[in-house]
Amino acid sequence: MSSSSTLRGLIEKRGATRTVEGHITACAASHDNLRFAFTTAEGDVIVAHRADLADPASWATYAVHDGAALALAPDTDPSGFLTGGDDGRLCRLNMHGEIDELGKSRRWVDHVASHVDAKTAYIASASGKVVELRDGRGETLLKTLEHPSSVTGIVFDTKGKRLAASHYNGASVWFTQPKSESVRTLEWKGSHTGIAIHPAGEALITTMQDNDLHGWRLSDGHNIRMSGYPTKVRSMSFSRTGKWLATSGADVVVMWPFFGGGPMGKPPLELPGMGGALCTRVAHNPEQDILAAGFADGSVIMIEPETKRVLPVCLGAGGAISALAYSPDGCLLGFGTEDGLMGLVDLSAG
Amino acid sequence: MSDTPLSSEPANALVPVTVLTGFLGAGKTTLLNHILTAEHGRKYAVVINEFGELGVDNDLVVDADEEVFEMNNGCICCTVRGDLIRILGSLMKRRNKFDGIIIETTGLADPAPVAQTFFADEDVRAKTRLDAVVTVVDAYNIEQTLKESPEARQQIAFADVIILNKTDLVDEARLKSVEDTLRGINALAPIHKAQKGNVKLTDVMDVGGFDLQRILASTPDFLENTHHHHEEDLTSVSLTLKTPLDAGKFQMWIGALLQEKGADILRSKGILNFEGQPDRFAFQAVHMMADGNAIGPWKEGEERISRLVFIGRNLNRPQLRRGFESCAVA
């Protein structure tokens, strides 16, 4: 079931792995930090409970989508998950393993995002050129947002006030509150393939087809260009304070500074890599100044940017890392590979 | 011209992709359904556009939007299909579910962005190979269509394989005239006659049209066919050279040529004899985007002749010939 005997690093003592059929397309923790889900290109969702972390045989498998599961987000309730698939369905998987269809589209549901805080909760999903915004329960469709071309990424800002979508020739920023119909269009020619927003709302960043990043300072729309990558950037993650943006796409982890005036005209910081393998995924710890990075050779490491100290999480997996995420409390780190290996590590003390 | 190998994976690990083009009403969807329902034991993923004429009978059908955008890579004519990059990327996560991919384009589509997608995107290149651009032509209407629509001419010029459909609707003489017209635009692509899309599958699928190996085997004289230069618009120019080529000189020349004339040159293909190389070198380009790789040794007793074809507009044959000849080893 598992090839963990050949895996080295934290995974040996503090984690577990399991291999399933199919490419792991995404992974995420639930809001209560108790569950961790992996989605596969076979349409399955595998959910590990924290209490059963060391017993991967007990991780439950749910056949949610007919076709690939393309997108995953934590549900707005504490314990469930939201998934999108190429069967055009937006689904909720609750803690009891029950599957609810929240939406159905003719197109693939490529992206799902959720926001929840004390006051508001939203669910957003992207399918073709359309983003649908639903209430936290997923029962009411609040807005149908049309874009000029297919949406390639969606993200809520930290407060859930705005929802941004990347597409050809730029990005669109929408307000979530029902009364506002207006859209702010940020233009930059080319194919934008993914999106991230600064935690304090200072900048919106997109990945581009042409091996670079583009960004806009949200205060004045000023353009920010970040280039020099040997390949496409697939993964971006802001540090919890927004000081750094970590990115994949090179054989090192590339970190852009978002302090002291921003990244304009500054060289990025390069954190250690895995001796030549391309970095494919990055994730900042939500609670500490630590970063996890996954590579094309299947390695996952944690790096402390301040000291550049490296801690191996899992070495020797083989297939490229295709999914990587921390739980909100920063105590669980999960990852998945293109050939179906799922790994989960408990980082909490004791 | 790329110095990097096409992919680290062996060629047969790459998923073959067939692009089906053809003018409105030519019979693309009929041909597609014929391919899908034939007894071949193969599974295909099919990418269609939402304005398809007929339904497609297949398990894995993906709607595409034909979203074309310009690359910022300095090629003025380098447009690619962003929707295909996304769709192919996602399909490749389910590599075990199908044996090949068929992409149907809309009747009015320029095939260049589709073909260029297979050169321009690193992920697409790493996992798929463009097997052939198959253009379906309606024998009954094509002469009229060519008068009215530059796109139809473009699609014929682009083809690796031409399916001349609806041949039952025209007589022998007219069929011959249509074939001559097609040859005048594209001297390279084999023409297969069909009625209601009833072609042999081996003629359209897995033909290796882009790597030239099988096309050369099936039409060994294609490059000698240099008669039809009366088409004022799109034409073919075929060149041969017995003297071995200097690889460095050839790369310099073709690189500069495509940079300068790439907008006019739709397709270039060649089998080249580089000095000191035991293997044949297959060269191909779509507009400015070029690629090449060794495709195995020359056959025993085979004459080592370098052959190069250009399909495009405003082609200056003497100039191209002189350029090609200047690449010969001194």
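This report walks through some strands, sheets and a chain contact in a predicted model.

Let's begin with an open sheet in chain A. Four strands build this sheet, in the order β1-β30-β29-β28, and their pairing is antiparallel.

Strand β1(A) runs antiparallel to β30 (residues 341-346) of chain A, and five bridges link the two.

## A second open sheet

Chain A also has an open sheet of four strands in the order β6-β7-β8-β9, again with antiparallel pairing. Its edge strands are β6 (69-74) and β9 (99-104) of chain A, and each of them pairs on one side only. From one strand to the next, the twist averages 25 degrees.

Within this sheet, β6(A) pairs with β7 (residues 81-85) of chain A in the antiparallel sense, over five bridges. Which residue of β7(A) stands opposite A:Leu72? That residue is A:Thr83.

## A hairpin to trace by eye

Another pair to follow is β18 (residues 213-217) with β19 (residues 223-226), both in chain A, which pair in the antiparallel sense over four bridges. Across this pair, A:His214 stands opposite A:Arg225 in β19(A). The two strands form a hairpin with five residues between them, and A:Gly221 in this hairpin takes a positive phi near 75 degrees.

## An annotated stretch

What does the UniProt record say about residues 283-349 of chain A? An unreviewed entry carries the annotation "domain: Anaphase-promoting complex subunit 4-like WD40" for this stretch. In the model, the span is 54% strand and 0% helix, and its end C-alpha atoms lie 20 Å apart.

## Where the chains touch

Finally, turn to the contact between the chains. Chain A contributes 17 residues to the contact and chain B contributes 13 residues. What kinds of residues make up the side of chain A that touches chain B? They divide into eight polar, five charged and four nonpolar residues.

Methods. Residues numbered from 1 in each chain as written. Chains lettered and ligands numbered in written order. Predicted model: local features only at pLDDT ≥ 70, side-chain atom pairs only at ≥ 80, totals over all residues. UniProt positions renumbered as here; feature names shortened; annotations may be inferred. Pairing = 2+ DSSP bridges. Contact = placed C-beta atoms within 7 Å. Nonpolar A, V, L, I, M, F, W, Y, C, P; charged D, E, K, R; others polar. Axes fitted to C-alpha atoms, helices over the stretch in contact; angles between N-to-C directions.
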